[in-house]
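Keep the structure open while you read.

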Amino acid sequence: MLYFGVIGHPIGHSASPTMHNAVFRTLNIDAVYLPFDVKPENLNDAVYGARALGFKGLNVTIPHKEEVTKYVKPVGLAEKIGAINTLDVPKLKGYNTDAVGALRTLEAYDVDYEGKVVLIVGAGGVARAIAFALAGKSTLIITNRTASRGLKLVEDVRKYGECIFHPYEKVEDLKGKFDILINCTPLGMKGFKEKLPVPESLIENVVVFDTVYNPIETPLIKLAKKRGCKVVYGLDMLVYQGAEAFKIWFGFDPPIDVMSKAVVEFLKQHL
């Protein structure tokens, strides 16, 4: 049997086990995918422990995507981005499938991002992946509660395309100055008390992409739909990035429809 998993903290909300296990069953692959709650201070032990136990692959989620670069070799986009969400455990190599997953999602929704102004809220692993994916294609505005992290992301991305930082406490000043809003924070995720990543006044005449997928209809998505905005669901990004991870591990594309159906059913059961 082949062993896979996802490491994060917390991890109970993750739909990845359901998604990948559905593919294994459909394709008759003798494998299992498990969730592991790993505290930040135990990340090193978790990575090398998985290798010692013979794991084939791991996904990495909040809050470990940047820190894990210290323990494995970043490959391709992951090295440029400085964040990893997929591990080839035996080789201790790390990949970033969030970037490809985000672009595939935008394209699936027919969102034209070329030459558009994109406001990215957040500066963590997902924000980094999406910023690098869009660098040189869109004009990027980064806002983040911790200014130093936001400024660091801007500094890194600016080598590849137009990117500026805007203070989070003054984000309302950006009303009418961007075309696409992408939430890369956990705000709106099931269990979080704070619901919206930006003031309500900004949700008007823009495309709204929420990378949070649990719940499917986040408070941000609900508000955007109510105001007639085009919306892009985080669920699709989860599926597309998961498909890219599967391809890294197995060398071929998994059935997207099976993955998507499994995620929807999981989230409906955990409302």
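Tyr-33 is buried, with a relative accessible area of 1%; buried here means under 20% relative accessible area, exposed means over 50%, and partly exposed is in between (1.4 Å probe, protein chains only). Bear in mind that this is a predicted model, where local features need pLDDT of at least 70, side-chain atom pairs count only at pLDDT 80 or more, and totals for chains, interfaces and linings use all residues. Residues are numbered from 1 along each chain as its sequence is written, and side-chain values use heavy atoms, with hydrogens and water left out.

So where is Tyr-33 placed? You'll find Tyr-33 in strand S2. Helices (H or I, at least four residues) and strands (E, at least two) are DSSP runs, numbered from the N terminus. Tyr-33 and Gly-5 are 28 residues apart in sequence, yet their C-alpha atoms are 4.7 Å apart in space. Leaving out residues up to four places away in sequence, Tyr-33 touches Phe-4, Gly-5, Val-6, Ser-16, Pro-17, His-20, Asn-21, Phe-24, Asn-59 and Trp-249, where contact means heavy atoms within 4.5 Å.

**Rings that pair up**

Rings of Phe, Tyr and Trp (its six-membered ring) pair if their centres lie within 6.5 Å; planes under 30 degrees apart count as stacked, over 60 as edge-to-face and the rest as tilted. By this rule the count comes to 11 aromatic pairs. One of them joins Tyr-33 and Trp-249 in a tilted arrangement, 6.4 Å centre to centre with 50° between the planes. This pair links distant parts of the chain: Tyr-33 is in strand S2 (residues 31-37) and Trp-249 in helix H8 (residues 234-250), 216 residues apart. Both Tyr-33 and Trp-249 are buried.

Phe-36 and Phe-55 make an edge-to-face pair, 5.8 Å centre to centre and with 70° between the planes. Phe-36 is in strand S2, while Phe-55 is in the loop between helix H2 (43-52) and strand S3 (57-60), 19 residues apart.

Elsewhere, a charge meets a ring: the charged end of Lys-80 sits over the ring of Tyr-160, 4.3 Å from its centre. That label applies if NZ of Lys or CZ of Arg is within 6 Å of the ring centre and within 35 degrees of the ring normal.

**Helix H1 and its partners**

Now for H1 (residues 16-26). H1 is mostly covered, with 8 of its 11 residues buried. They are Ser-16, Pro-17, Met-19, His-20, Asn-21, Ala-22, Val-23 and Phe-24. These buried residues pack against strand S1 (2-8), S2, S3, H8 and helix H9 (256-269).

Axes are lines fitted to C-alpha atoms, for helices over the stretch in contact, and angles run from 0 to 180 degrees between N-to-C directions.

| Helix pair | Angle | Axis separation |
|---|---|---|
| H1 and H8 | about 50° | 11 Å |
| H1 and H9 | about 135° | 8 Å |

H1 passes H8 in a right-handed crossing, and the crossing of H1 and H9 is right-handed. A crossing is left-handed if the near helix is turned anticlockwise from the far one by less than a right angle, and right-handed if clockwise.

At the H8 contact, Ser-16, Met-19, His-20, Val-23 and Phe-24 in H1 meet H8 residues including Phe-246, Trp-249 and Phe-250. Just after H1, Asn-28 takes a positive phi of about 55°.

How many residues of helix H5 (residues 125-134) are buried? The count is 10 of its 10 residues, among them Val-126 and Ile-130. Just after H5, Gly-136 takes a positive phi of about 85°.

Thr-211 is in the loop between strand S11 (207-210) and helix H7 (219-226). Thr-211 is buried, with a relative accessible area of 13%, and its contacts include Val-126 and Ile-130.
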